[in-house]
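The questions below concern the grounds on which structural terms are applied to a protein chain. Each answer sets a value against its criterion and then concludes.

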Amino acid sequence: MDRATRERFAERGGARGGPGVTPETVPQDGVGVPDALQRLWTPHRLAYVQGQDKPEGDEPEGCPFCRLIEMDDAEALIIARGELVYAVLNLYPYNPGHLMVLPYRHVADYTELTGEETTEVARFTQRAMTVIRSVSGAHGFNIGMNQGVIAGAGIAAHLHQHVVPRWGGDANFMPVVGHTKVLPQLLGETRELLAGAWH
């Protein structure tokens, strides 16, 4: 390594850059100042980021949530079916066990639910929390709905309530800095575990 490279390395923080940061990796002329972060590539999430398979309009045709109810439970990652609603794993989970509770009926807004649908959404949400706690020891939960595209709903045309289990320390550097979640279990295995404990 030449002297100029060593000096640039020292100017940019030297050995404080973290694991894997060496004088050979820090100087990257023309691409800006390196951030010293490691990269975990998750190309499977590109479909979510680009909006692949998201319905264009508000109609049931093309709605992935409406398609799921016609599929086999294991294939669709459905955990449980009720009379008016069902619970399904999120295909792009924030945490292991992240699921959604949805009405079968294609409806967009929470205020459009019938009283019976509202009650069953609440009961399924309670049951989901009980089941997730029993199999994973979740310390807490984030529960909520994003109403409309402007509020962050990925599929705004079909109402869905998120149930996201949380554990102490789960918001470590990976999601906070790297915008990446590391999931220790395949979705099919998570579905089997939760479905088995649901009944």
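This is a predicted model: local features need pLDDT of at least 70, side-chain atom pairs count only at pLDDT 80 or more; totals for chains, interfaces and linings use all residues.

Q: What makes Cys63 and Cys66 buried or exposed?
A: The term buried applies under 20% relative accessible area. Cys63 has 0% relative accessibility and therefore counts as buried. Cys66, with a relative accessible area of 15%, is also under that limit and so is buried.

Q: Where does Cys63 lie, and how far is Cys63 from His106 in space?
A: Cys63 lies in the loop between α2 (46-49) and α3. The C-alpha atoms of Cys63 and His106 are 8.5 Å apart, although 43 residues separate the two in sequence.

Q: Which residues have the most contacts inside the largest nonpolar core, and which elements supply it?
A: This core has 34 residues, and those with the most contacts inside it are Phe65, Ile79, Val88, Leu99, Val163 and Trp198. At least two core residues come from each of α3 (64-68), β1 (78-81), β2 (85-89), β3 (99-103), α5 (115-136) and α7 (187-198). The largest share, six residues, is from α5. In soluble globular proteins, nonpolar side chains tend to be buried together.

Q: Which residues are in contact with Leu99, leaving aside neighbours within four places in sequence?
A: Leu99 is in contact with Ile79, Val88, Leu89, Asn90, Ala128, Ile132, Gln161, His162, Val163 and Leu194.

Q: How do you know that the length of α5 agrees with that of a helix?
A: At 1.5 Å a residue, the 22 residues of α5 should span 32 Å. The end C-alpha atoms of α5 are 32 Å apart, so the two values agree. After α5 comes Gly137, whose phi is positive, near 65°.

Q: Which residues of α5 are buried, and what covers them?
A: The buried residues of α5 are Glu117, Glu120, Val121, Phe124, Thr125, Ala128, Met129, Val131 and Ile132. Their cover includes β1, β2, β3, β4 (140-144), β5 (161-166) and α7.

Q: Why is Glu117 called buried, and what does its side chain approach?
A: Glu117 has 5% relative accessibility, so it counts as buried. A polar atom of the Glu117 side chain lies 2.9 Å from the backbone nitrogen of Thr114. Leaving aside neighbours within four places in sequence, Glu117 is in contact with Leu84, Val85, Pro103, Arg105 and Glu112.

Q: Why is Thr130 called partly exposed?
A: Partly exposed covers the range between buried, under 20%, and exposed, over 50%. Thr130 has a relative accessible area of 43%, and is therefore partly exposed. Thr130 is found in helix α5; its C-alpha is 9.4 Å from that of Ala197, at a sequence distance of 67 residues.

Q: What makes the pair of Tyr86 and Tyr104 stacked?
A: The count of aromatic pairs comes to two. In the pair of Tyr86 and Tyr104, the centres are 5.5 Å apart and the planes are at 15°. Planes under 30 degrees apart count as stacked, so the term applies. Tyr86 lies in strand β2 and Tyr104 in the loop between β3 and α5, so the pair ties together parts 18 residues apart in sequence. Tyr86, at 0% relative accessibility, counts as buried.

Q: Why is the pair of Phe124 and Trp198 called tilted?
A: The ring centres of Phe124 and Trp198 are 5.2 Å apart and their planes are at 50°, so the pair is tilted.

Key: Residues are numbered from 1 along each chain as its sequence is written. Side-chain values use heavy atoms; hydrogens and water are left out. Buried means under 20% relative accessible area, exposed over 50%, partly exposed in between (1.4 Å probe, protein chains only). A nonpolar core is a set of buried Ala, Val, Leu, Ile, Met, Phe, Trp, Tyr and Cys residues joined through side-chain atoms within 4.5 Å. Helices (H or I, at least four residues) and strands (E, at least two) are DSSP runs, numbered from the N terminus. Contact means heavy atoms within 4.5 Å. A polar contact is a pair of N or O atoms within 3.5 Å; within protein, one must be able to donate a hydrogen and the other to accept it, and residues adjacent in sequence count only if both atoms are side-chain atoms. Rings of Phe, Tyr and Trp (its six-membered ring) pair if their centres lie within 6.5 Å; planes under 30 degrees apart count as stacked, over 60 as edge-to-face and the rest as tilted. The expected span of a helix is 1.5 Å times one less than its number of residues.
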